[in-house]
Amino acid sequence: MNSKAGSIPAAYWELTKPRLSFLSVLTALTGYFCSNPTDAANAKALVSLTLGTALAAGGCGALNMWMERQADSQMERTKYRPLPSGLIQPTHALIFGIVLCMAGVGLVWKGSNSLAGFLTLATVVSYLLFYTPLKTKTTWCTLVGSLPGAIPPIIGTAAKLGAIDKMGWLLFGLLFFWQVPHFMSLAVMCRNDYERGGFKIATVSDPTGRTAALWSISFMVPMLFVVSAIAQTFFEADCTSHLRGWLSPFIWVSLTASIIFFKLSLDFMLPHRRNEVAKPFFLASILYLPVILLILTLNRLF
């Protein structure tokens with residue numbers, strides 16, 4: 001969205017980073033529905049989880065933009081965001097973000113249970129107080145940022161069970177490992193922008209992209225093992241059901257998607273193809289995770 005020509009309501013909506021917020025909600029709901037399927041859903045906990053996660057994620061987005069408003073003003077891809085464009089005052093964005101975060105954490109805490117609420121608070125704190133400041137200080141910021149990005153599934157599991165089961169931890173692992181190849185492809189595409197913004201990411205310290213490619217493949221491999229472990233849980237659950245065992249849609253969809261994603265990661269390793277494949281690799285990462293999560297949830301429910 002280009003806030004330069006946008007309305008005030010649209011600018012506040014953009015502050016919440018709606019696409020990232022939607023992903024947080026999707027992963028939290030996947031954790032909820034895919035955790036122990038023998039436990040019945042609780043309407044109050046489910047609604048609180050959905051709205052609370054959306055509010056907390058939106059608040060993180062707004063506060064992240066407030067903290068990075070100077071850097072955003074230097075980058076082509078972000079200079080028309082609400083704060084650099086002057087459409088929203090920094091103080092207003094700060095208050096907006098704080099209110100959303102507090103409401104989100106409170107809603108999950110009171111509407112589900114204290115463990116889910118604490119995990120939501122941990123996501124907010126780690127994203128804003130650790131990941132965001134570290135982006136201008138060290139290339140390890142990407143690894144640190146993978147932690148808050150991976151917590152929503154276990155928030156969902158905790159909201160349903162009051163604990164974290166095996167599926168919750170597997171989904172945590174999937175999100176944690178997926179974020180690195182996802183970001184490294186973007187880092188190659190937007191290297192000059194990140195350098196202008198003062199961010200210490202892998203492609204700024206190593207303009208060849210070799211470090212980014214190594215990070216990417218190093219996290220892609222364990223991610224595929226996690227996906228295999230998730231598929232194994234279906235195979236073991238009920239090999240006689242038409243939606244389980246080798247006939248499970250999740251197994252075949254995840255296998256196909258993983259082969260395509262992995263092939264692109266191998267192409268990303270080749271110096272002469274890295275810049276060419278960065279965009280398709282990035283787009284594949286955007287599609288991969290929602291496809292895996294949606295088919296997993298549908299397969300688990302039906």
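Modeller: Start with glutamate 195. The partner of glutamate 195 in a salt bridge is arginine 191, and their closest N and O atoms are 3.4 Å apart. A salt bridge here means a side-chain nitrogen of Lys or Arg within 4 Å of a carboxyl oxygen of Asp or Glu. Keep in mind that this is a predicted model: local features need pLDDT of at least 70, side-chain atom pairs count only at pLDDT 80 or more, and totals for chains, interfaces and linings use all residues. Residues are numbered from 1 along each chain as its sequence is written, and side-chain values use heavy atoms, with hydrogens and water left out.

Now place the pair. Both glutamate 195 and arginine 191 sit in helix α10, residues 191-197. They are 4 residues apart, about one turn of the helix. Helices are DSSP runs of H or I, at least four residues long, numbered from the N terminus.

How exposed or buried are the two partners? Glutamate 195 is partly exposed, because its relative accessible area is 43%. Arginine 191 has 18%, so arginine 191 counts as buried. The cut-offs are under 20% for buried and over 50% for exposed, with partly exposed in between (1.4 Å probe, protein chains only).

Look at helix α13, residues 249-269: lysine 263 and aspartate 267 are 4 residues apart in it, so about one helical turn separates them. Lysine 263 is partly exposed, at 43% relative accessibility. Aspartate 267 is buried, at 9%. This pair is also part of a wider group. Lys263, Asp267, Arg273 and Glu276 are linked in a network of salt bridges.

Another salt bridge brings together the side chains of lysine 79 and glutamate 76, at 3.2 Å from N to O. With a relative accessible area of 27%, lysine 79 counts as partly exposed.

Next, the buried side chains. In helix α1, residues 8-15, the buried residues are Ala11, Glu14 and Leu15. They cover an arc of only 105 degrees around the axis, so they lie on the same side of α1. That arc is taken from the directions that run from the helix axis to the C-beta atoms. Turn to the other side of α1, and Pro9 and Trp13 are exposed. What do the buried residues of α1 pack against? They pack against α2 (18-34), α3 and α5. Contact means heavy atoms within 4.5 Å.

Finish with methionine 167. This residue lies in helix α9, residues 166-189. Methionine 167 is buried, because its relative accessible area is 4%. Leave out residues up to four places away in sequence, and methionine 167 touches Cys34, Ile230, Thr233 and Arg300. Now compare sequence with space. Methionine 167 and glycine 31 are 136 residues apart in sequence. From C-alpha to C-alpha, methionine 167 and glycine 31 are 7.5 Å apart in space.

Definitions and conventions: Helix = DSSP H or I, 4+ residues; strand = E, 2+ residues; numbered from the N terminus.
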